[in-house]
Amino acid sequence: MGARTIGAFLLHGGLSLRVGALTQSDSSPMEEHGMIRDHDYRLAREKMVSTQLIPRGIKDPRVLEAMKEVRRDLFVEEALIGQAYNDHPLPIGHNQTISQPFIVALMTEALALKGTEKVPEIGTGSGYQTAVLAKLADKVYTVERIRPLMVKARNLLAQLNFQNILFKAFDGTLGWEEYAPFDAIIVTAGAPGIPQPLLDQLAEGGRLVIPIGNRFSQELMKVTRRKNSYNQESLGGCRFVDLVGLHGWKE
Ligand code: SAH
């Protein structure tokens, strides 16, 4: 999650996976766009689920299935494909990161999605978490403050045929009022406190998952709305890049 810890990870390469990345065929419709790499990495994903997610307590079968399906290798830079299924975050440019697979699964599971929900995601980044959410909810409203990241994620998710995602380049600490209230909200950047607009936009019984803390470490909080009170539960320690905005960190 934290961009500052990435350097060390670059030293460990999953070289065995790299070979597959070079395999090409002309059967994939995605290749017309010159972006989607053909090798599927299904075995790497199954191993990721069985060694990184299940042993750490991820149980929701729908979440495990989505993590097996979404091709994380497509959301990382070409030079890092060999590390796409490793147990850590990776850089995605603009000083931002794609979250560690376990954290994606943990946050998604905490949202308790049944498939009917409208879910705002604050911090699109690579769009990987967006894809996992889009498989599990009715609609995803994703907000990213760095426009080039939003555009890149939007193009990739369109090529992958997702049709239930709305994108916006904006300050997500303000939520997405137009479509509120929401049953579930996810924030994938670390905040100094819970942004009030997100609390306001939560439906009765709605869940908000957000990392709260200082700029170096946070606690992953799950907030559940009960009429006008909010129940808070910690899901453990984590490290994310900054949530920058009106109700987040100042730049
Ligand atoms: N879920 C993403 C994680 C991206 S890192 C993934 O798996 O790839 C967090 C992202 O939050 C960064 O891209 C950062 O630019 C974005 N971000 C930070 N503050 C934001 C804000 N106020 N509104 C929207 N996006 C924000």
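1. Overall make-up. The chain folds into 8 helices and 9 strands, and please keep in mind that this is a predicted model. Of the 251 residues in the chain, 44% are buried. If you look at contacts between residues at least 6 apart in sequence, 59% of them join residues at least 24 apart.

2. The ligand shell. There are 26 residues around the ligand, and the closest are Gly123, Gly125, Ser126, Gly172 and Gly245. Two or more residues of this shell come from each of β2 (96-98), α6 (128-136) and β4 (139-144). Which element gives the most to the shell? That is β2, with 3 residues. By class, the shell holds 11 nonpolar, 12 polar and 3 charged residues.

3. Helix α3 against helix α4. A pair of packed helices is described by the angle between the two axes and by the distance between them. Here, α3 (residues 42-53) and α4 (residues 61-69) pack at about 140°, and their axes are 8 Å apart. The two helices are therefore oblique to each other, and α3 passes α4 in a right-handed crossing. On the α3 side the contact is made by Arg45, Glu46, Val49 and Leu53, and on the α4 side by Leu64, Met67 and Lys68. Sorted by class, these residues are 4 nonpolar and 3 charged, with no polar ones.

4. Helix α4 against helix α6. Helix α4 also packs on α6: their axes come within 10 Å and cross at roughly 130°. That angle makes α4 oblique to α6, and the crossing is right-handed. Arg62, Val63, Ala66, Met67 and Glu69 of α4 meet Val132, Lys135 and Leu136 of α6. This contact has 5 nonpolar and 3 charged residues, and no polar ones. Met67 is a name to note, as it takes part in the contact with α3 and in the contact with α6.

5. Glutamate 65. This residue sits in helix α4. Is glutamate 65 buried, partly exposed or exposed? It counts as partly exposed, because it has 13 C-beta neighbours inside 10 Å. Its C-alpha atom is separated by 9.6 Å from that of valine 132, a residue 67 positions away along the chain.

6. Helix α5. The buried residues are Pro101, Ile103, Val104, Ala105, Leu106, Met107, Thr108, Glu109 and Ala110. After α5 comes alanine 112, with a positive phi near 50°.

7. Backbone points to check. Most residues other than glycine have a negative phi, and most peptide bonds are trans. Tyrosine 41, in the loop between α2 (15-21) and α3, has a positive phi near 65°. Lysine 227, in the loop between β8 (218-226) and β9 (229-238), has a positive phi of about 45°. Tyrosine 41 is buried, with 20 other C-beta atoms within 10 Å, whereas lysine 227 is exposed, with 7 other C-beta atoms within 10 Å.

8. A cis peptide bond. Where does the model have a cis peptide bond? The bond from alanine 180 to proline 181 is cis, with omega near 5°. Proline 181 is placed in the loop between β5 (165-169) and β6 (182-187).

Conventions. Residues numbered from 1 in each chain as written. Predicted model: local features only at pLDDT ≥ 70, side-chain atom pairs only at ≥ 80, totals over all residues. Near = placed C-beta within 6 Å. Helix = DSSP H or I, 4+ residues; strand = E, 2+ residues; numbered from the N terminus. Nonpolar A, V, L, I, M, F, W, Y, C, P; charged D, E, K, R; others polar. Buried ≥ 20, exposed ≤ 12 C-beta atoms within 10 Å, placed from the backbone. Contact = placed C-beta atoms within 7 Å. Axes fitted to C-alpha atoms, helices over the stretch in contact; angles between N-to-C directions. Parallel < 35°, antiparallel > 145°, perpendicular 65-115°, else oblique. Left-handed = near helix turned anticlockwise from the far one by under 90°.
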